[in-house]
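Let's take a walk through this protein model together. Keep the viewer open as you read.

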Amino acid sequence: MRTIEIFDTTLRDGEQSPGVNLSSKEKLEIALQLERLGVNRIEAGFAAASPGDLQSVREIAKRVKNSTIVSLSRARLLDIDKAWEALRDAESACLHTFLATSPIHRKYKLNMTKEQVIENAVAAVKHGKKYFDMVEFSCEDGSRTEIPFLIEVVQAVVDAGARIINIPDTVGYTTPAEYANIFTQLLNNVRGIENVKLSCHCHDDLGMAVANTLAAIQAGVTQVEGTINGIGERAGNAALEEVALALDTRKDFYQATTNLKLEEIARTSKLVSRLTGMFVPGNKAVVGANAFAHQSGIHQDGVLKEVTTYEIIRPERVGFKSNRLVLGKLSGRHAFKDKLIELGYQLSQEELDDAFARFKDLCDRKKDVSDEDIVALVDAKLVDVPEAYTLENVQLSYGNNSIPTASVRVRTLNGEVLEEAACGNGSVDSIYKAIDRVTNEEVVLEDYKIVSVTHGKDALGEVYVRLSQGDYTVQGRGVSTDVLEASAKAYLRALNKLVARRGDAVEVVM
Ligand SMILES: CC(=O)SCCNC(=O)CCNC(=O)[C@H](O)C(C)(C)COP(=O)(O)OP(=O)(O)OC[C@H]1O[C@@H](n2cnc3c(N)ncnc32)[C@H](O)[C@@H]1OP(=O)(O)O
Ligand SMILES: CC(C)C(=O)C(=O)O
């Protein structure tokens with residue numbers, strides 16, 4: 001089994017994502033997490049880009065001990081001097097210098113002949129070797145470079161002392177077979193190539209960054225460059241978590257592994273997403289919110305019977321707590337029953353069939369069916385809660401410069417009408433305080449959720465509350481076009497359940 005080394009460039013190529021601008025503190029936080037993840041090399045930035053970049057590379061180099069810290073630099077002596085200035089205190093440092101080799105870049109961008117490209121590349125590597133033991137040279141746009149010329153350049157920089165040779169697919173243009181062939185050609189034609197690490201660096205313009213990376217591994221590279229969540233210039237880079245999981249899941253095929261602590265992947269992905277502001281799409285492989293969620297009945301049934309029917313990666317493997325069965329209109333009885341058991345119900349077949357029919361009906365009307373919906377749906381049938389208190393009226397006085405005051409009138413089971421008023425920190429708080437007074441109950445509001453059932457300005461507001469009192473926890477739901485009325489109804493509904501549960505006022509009919 002080969003071990004593939006991981007070169008993370010989230011802080012350099014990842015920061016080249018339009019709109020991303022990380023502070024030094026944020027970069028350090030990500031670098032420390034990358035170290036925990038176990039990446040071999042962290043490209044911390046481009047020291048010559050700005051004094052701020054130099055400073056943050058220097059800071060990371062001082063703090064990170066278990067990963068090699070890398071700075072990118074053009075094939076220019078002054079850039080390389082800056083990289084050394086940033087990295088001189090690192091426990092382990094590497095210079096990454098690059099020069100484009102393709103005909104398009106030579107002609108239009110660099111205005112250099114082939115000879116000048118080789119001359120500058122060699123000069124950069126030799127200058128870098130004065131400071132660094134480890135120098136990586138990248139043939140920018142290598143995948144669009146004539147292969148014989150690529151061999152010439154690589155031979156020259158290997159002879160000059162480069163220890164890592166990277167052939168980037170800078171514009172995400174290559175295909176897996178074509179990219180693999182480049183490495184095969186280098187392995188067959190460059191003298192001394194066996195003494196250097198061969199590296200790949202893929203962009204995702206055609207959606208093939210991970211496939212190309214895996215093809216390069218098959219062809220013999222020993223280092224993979226990429227970013228967390230696949231962020232990076234334009235369409236981004238190869239997503240390292242995807243590469244690592246492909247190797248881990250298909251060890252049988254690739255016969256290669258990494259030293260990453262895979263269970264740190266979820267945490268790293270969330271951190272990078274939060275600090276860069278680049279949200280991870282739900283359907284993103286390995287780290288998307290839906291990567292371990294099952295929505296349809298046939299899949300849910302399969303997963304409940306044997307998880308490997310539809311899951312090739314266990315969520316725990318990458319640091320997620322568990323998979324999710326998402327209940328909705330495509331779910332079947334098996335998943336519904338499983339959810340009811342999780343919520344503490346044990347229904348007869350007849351009750352289950354009845355609840356399932358009502359659940360399907362609800363799914364047709366409501367996009368997201370929550371656990372609270374299911375509890376309400378089942379309770380409505382199973383628990384006939386007597387109305388110890390019925391809401392007769394709720395009135396609120398509210399002004400942006402005054403304390404909200406609510407008055408509440410309720411009718412008890414024996415027909416008595418009670419009324420109380422209270423002030424609160426907000427409208428809902430004042431209503432709940434007035435209800436506490438009028439019912440003489442002391443409860444803790446554990447949860448309050450408000451959702452709109454329908455759309456538009458006249459949408460129905462739905463409020464869920466969870467109350468506790470000693471050992472009892474109850475939920476209540478209230479619906480109205482007015483969210484304050486829905487809030488009052490939900491609270492009273494929960495209180496009625498509490499009274500029924502305690503059994504002190506009325507008999508509970510189950
Ligand atoms: C494929 C990649 O992702 S490469 C990395 C890309 N990342 C970045 O560019 C981020 C950091 N860059 C920067 O801050 C700036 O571009 C700097 C500081 C490096 C340079 O800024 P400036 O001196 O103003 O030059 P500018 O960026 O406009 O142009 C690039 C110059 O470098 C040259 N150049 C480009 N790549 C290289 C290279 N690898 N080696 C030597 N020269 C290069 C260009 O030909 C151009 O030269 P010219 O001014 O003689 O025409
Ligand atoms: C500097 C190199 C490695 C690069 O980022 C690219 O070619 O995409």
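Predicted model: local features only at pLDDT ≥ 70, side-chain atom pairs only at ≥ 80, totals over all residues.

Residues are numbered from 1 along each chain as its sequence is written, while chains are lettered from A and ligands numbered from 1 in the order in which they are written.

The protein chain is assigned domain 1 (2-276), domain 2 (293-381) and domain 3 (389-502), with bounds that come from an automatic or database domain assignment. Between the C-alpha centres of domain 1 and domain 3 there are 59 Å.

Now for the barrel. Eight strands close up in the order β2-β3-β4-β5-β6-β7-β8-β9, with parallel pairing. Here strands (E, at least two residues) and helices (H or I, at least four residues) are DSSP runs numbered from the N terminus, and two strands pair if DSSP finds at least two bridges between them. On average, neighbouring strands of this sheet are turned by 25 degrees against each other, direction ignored. Helix α5 (residues 114-131) packs on the sheet, touching β5 and β6, and its direction makes about 170 degrees with that of β5. Helix α6 (residues 147-160) also packs on the sheet, but it touches β6 and β7 and makes about 165 degrees with the direction of β6. Contact means C-beta atoms, placed from the backbone, within 7 Å; axes are lines fitted to C-alpha atoms, for helices over the stretch in contact, and angles run from 0 to 180 degrees between N-to-C directions.

Zoom in on β7. It runs parallel to β6, joined by 3 bridges, and Ser138 stands opposite Asn166 in β7. On to β8 (residues 197-202): 6 bridges link this strand to β7, again in parallel, and Ile164 has Lys197 as its bridge partner. How many residues of β7 are buried? The count is 6 of the 6, so β7 is largely enclosed by the rest of the structure. A residue is buried if 20 or more other C-beta atoms (placed from the backbone) lie within 10 Å of its own, exposed if 12 or fewer, and partly exposed in between. Ile164, Asn166 and Pro168 cover one side of β7, with Ile165, Ile167 and Asp169 on the other.

Next, the ligands. Around ligand 2 you'll find Asp13, Leu72, Phe98, Ser138, Glu140, Asn166, Pro168, Thr170, His201 and His203, where a residue is near a molecule if its C-beta atom, placed from the backbone, lies within 6 Å of it. At least two residues of this shell come from each of β6 (135-140) and β7 (164-169). Ligand 1 is surrounded by 15 residues, with Phe46, Ala49, Arg74, Ala75 and Leu99 the closest. Two or more residues of that shell come from each of β5 (93-100) and α4 (103-110).

Finally, two loop residues. Arg234, in the loop between β9 (223-226) and α9 (240-249), has a positive phi near 50 degrees. Asn440, in the loop between α16 (427-439) and β16 (444-452), has a positive phi of about 60 degrees. Most residues other than glycine have a negative phi. Asn440 counts as exposed because it has 8 C-beta neighbours inside 10 Å, whereas Arg234, with 13, counts as partly exposed.

Technical notes: Contact = placed C-beta atoms within 7 Å.
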